[in-house]
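Visitor: I would like to learn how to read strands and a chain interface in a model like this one. Could you walk me through it?

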Amino acid sequence: MIYSLYILNKAGTLIYQNDYGPTEKLSHNSYIRLGSTFHSLHAIASNLSPVSGSSSGIELIETDTFKLQCFQTHTGIKFYIIADPNHPGLEEILHGIYELYTDYVLKNPFYEIEMQIRCDLFDYKLSRLLKLTTD
Amino acid sequence: MIYNIYIFNKDGLCVYYEEWNKRKQSVNLAEDQKLLFGMLYSLKAFISTSSPKPIDPKTGFHCFKTSTYKLHYYETLSCIKFIILTDPNTPDLREDLKKIYSSIFVEYVVKNPIYQLKSTIKFYAFVNPIKPNFKQKT
């Protein structure tokens, strides 16, 4: 079961968010706040690394009720999904979402980079991908 | 491989800190400890708002992972926080943290009559048993 998906641009602004499970709806401002909180936690986590050399930020958070998996692209865009604690293959799903993003958002001539994603085809393909993985 | 361990009291003071295989010298240790405490504070708030189901903020959070380390977290009901940083492939260490709390911290710190609450821990009776506990895992 996948509960929600967030996409943050390289400055930490929320550019896409959608809930899939039976989760409690929050206000738009709360989603934006959650997105930027995650961006800063991600940055601090890479700062606290006990090993020299650069560390990535948070890749996985485990809790009692959910699991959060994050994938950061080389261009700094962060995709993260919140799913059931024992959901397998979250990394592959995130790579699949990235592929959809490059195909249906970046190649969309009307999409302005770093801005809110409002592309119907992307929404459609995304819901199909997530349906496929939950079935 | 275990890198370091932190114990925070409920006011956010790092009462105990030890490092074993840390490969990076920190410029300012006290500053790092404060940063970690502050980060966990917001991380817990983040978790309780993004959780799809109601979650207990004290015991709900288990660990997080980056490409170079994994942070294990255990918090007691009295808000004492036990944190361990290890390499990313280590299995869950929360049971070990619980053991440190129940069999070492309670025995040698809480029951110690000269221990002043809210001060750092420097007793050999506490420090010595922790080391073999983790030596076998490193």
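Visitor: Which residues point one way from β5(B), and which the other way?

Guide: In this predicted model, B:K81, B:I83 and B:L85 face one way from β5(B), while B:F82, B:I84 and B:T86 face the other, and all are buried. A residue counts as buried if 20 or more other C-beta atoms lie within 10 Å of its own. Six of the six residues of strand β5 (residues 81-86) of chain B pass that test, so the strand is largely enclosed by the rest of the structure.

Visitor: Which strands pair with β5(B)?

Guide: Look for bridges here. Strand β1 (residues 2-8) of chain B pairs with β5(B) in the antiparallel sense over six bridges, with B:N4 opposite B:L85. Strand β4 (residues 70-75) of chain B is also antiparallel to β5(B), again over six bridges, and there B:H72 stands opposite B:I84.

Visitor: How many residues lie between β4(B) and β5(B)?

Guide: Five residues separate the two strands, which form a hairpin; in its turn, B:C79 has a positive phi of about 70 degrees.

Visitor: And how do I read the interface? Which element supplies the largest share of the side of chain A that touches chain B?

Guide: Begin with the contacts: 29 residues of chain A meet 31 residues of chain B. The largest share of chain A's side, eight residues, comes from α1(A). By class, that side has 14 nonpolar, 12 polar and three charged residues.

Visitor: What about strands across the two chains?

Guide: β3(A) pairs with strand β3 (residues 61-65) of chain B, antiparallel over four bridges. For A:E62, the bridge partner in β3(B) is B:C63.

How values were computed
Residues are numbered from 1 along each chain as its sequence is written. Chains are lettered from A and ligands numbered from 1 in the order in which they are written. This is a predicted model: local features need pLDDT of at least 70, side-chain atom pairs count only at pLDDT 80 or more; totals for chains, interfaces and linings use all residues. Two residues are in contact if their C-beta atoms, placed from the backbone, lie within 7 Å. Ala, Val, Leu, Ile, Met, Phe, Trp, Tyr, Cys and Pro count as nonpolar, Asp, Glu, Lys and Arg as charged, and the others, Gly among them, as polar. Two strands pair if DSSP finds at least two bridges between them. A residue is buried if 20 or more other C-beta atoms lie within 10 Å of its own, exposed if 12 or fewer, and partly exposed in between; C-beta atoms are placed from the backbone.
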